[in-house]
Amino acid sequence: MHQFLLIIMTLLALSGCASESCDKDVVSILNPNQTSAKLLMDYAKTAVCKTDSTSTAKPTTVDEERKLVLIYDLYVKARSYAILNKVFFWLSLISAVAVFLWPSLGVLLKDRLGEREWYKSAIVQTTVTGIAALMFAFYSQYKDKQTYTENLMRYAVFSDKPVDELSQKVIEEIGKIDIGFSFSGVFDKKEDK
């Protein structure tokens, strides 16, 4: 009986936002089917656009607007990297399946391919494997950039630093993000481990 009551009390406590003190604007942006960048962007917008207790919109300061634009700039980058990340994720999955199935295709399609031996060639198999490795490298690169940008967004959203100081830090970090793809960056990471 005590366990049943404990479970009920725990569920009620975890129901979270049933109380009147919960901010409805923040609750409305919570959705598990979104990227962290989208959540942080929506949170930054609600923080700037909040109303005070008399239900009138509080005036937005220039610093709040500048911080929102800074966060939005990061959001655009994170969203772009998320799209590229998803594209290369699926391409890397398809190419990985191709690497595993390629030798089997020779057996399964033997009658259709007849005397053509190109599909059994080591050059073709190496090329398929190389394409798969390249897709995984691009996926890894864009996943790292997406994660880095989302962490920078977290820093910008929750920082109490003045916007001038915050913007300098963000601009410096965006410069690092915008360097682009580099094989040396991929190999350097592996050597560090």
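Me: Over which residues does pLDDT stay under 50?

Reply: This is a predicted model, and its chain averages a pLDDT of 77, with 68% of the residues scoring at least 70. Where pLDDT is low, the predicted coordinates should not be read in detail. That caution applies to a stretch for which the model has five contacts beyond four places in sequence, and the stretch with pLDDT under 50 is residues 11-22.

Me: Which element of the chain has the highest mean pLDDT?

Reply: Among the elements of the chain, the lowest mean pLDDT, 51, belongs to helix 1, which covers residues 2-14.

Me: How far apart are the end C-alpha atoms of residues 121-139?

Reply: An unreviewed UniProt entry annotates residues 87-109 and 121-139 as "transmembrane region". In the model, the span 121-139 is 95% helix and 0% strand.

Me: Are helix 3 and helix 6 roughly parallel or roughly antiparallel to each other?

Reply: Helix 3, residues 36-48, packs with helix 6, residues 122-158, at an angle of about 20 degrees, and their axes are 10 Å apart. The crossing of helix 3 past helix 6 is left-handed. Since angles under 35 degrees count as such, the two helices are therefore roughly parallel.

Me: How many residues of the contact of helix 3 with helix 6 are nonpolar?

Reply: Helix 3 contributes S36, A37, L40, M41, Y43 and A44, while helix 6 contributes E150, M153, R154, V157 and F158. Of the residues in this contact, one is polar and two are charged, and the number that are nonpolar is eight.

Me: How many charged residues are there in the contact of helix 6 with helix 7?

Reply: Helix 6 and helix 7, the latter residues 163-177, pack at about 180 degrees with axes 11 Å apart, which makes them roughly antiparallel. From helix 6, K145, Y148, T149, L152, Y155 and A156 meet L166, K169, V170, E173, I174, K176 and I177 of helix 7. The contact holds eight nonpolar residues and one polar residue, and its charged residues number four.

Key: Residues are numbered from 1 along each chain as its sequence is written. This is a predicted model: local features need pLDDT of at least 70, side-chain atom pairs count only at pLDDT 80 or more; totals for chains, interfaces and linings use all residues. Side-chain values use heavy atoms; hydrogens and water are left out. UniProt positions are given in the numbering used here, feature names are shortened, and annotations may be inferred rather than shown by experiment. Helices (H or I, at least four residues) and strands (E, at least two) are DSSP runs, numbered from the N terminus. Axes are lines fitted to C-alpha atoms, for helices over the stretch in contact, and angles run from 0 to 180 degrees between N-to-C directions. Angles under 35 degrees count as roughly parallel, over 145 as roughly antiparallel, 65 to 115 as roughly perpendicular and the rest as oblique. A crossing is left-handed if the near helix is turned anticlockwise from the far one by less than a right angle, and right-handed if clockwise. Contact means heavy atoms within 4.5 Å. Ala, Val, Leu, Ile, Met, Phe, Trp, Tyr, Cys and Pro count as nonpolar, Asp, Glu, Lys and Arg as charged, and the others, Gly among them, as polar. pLDDT is the predictor's confidence in each residue, from 0 to 100.
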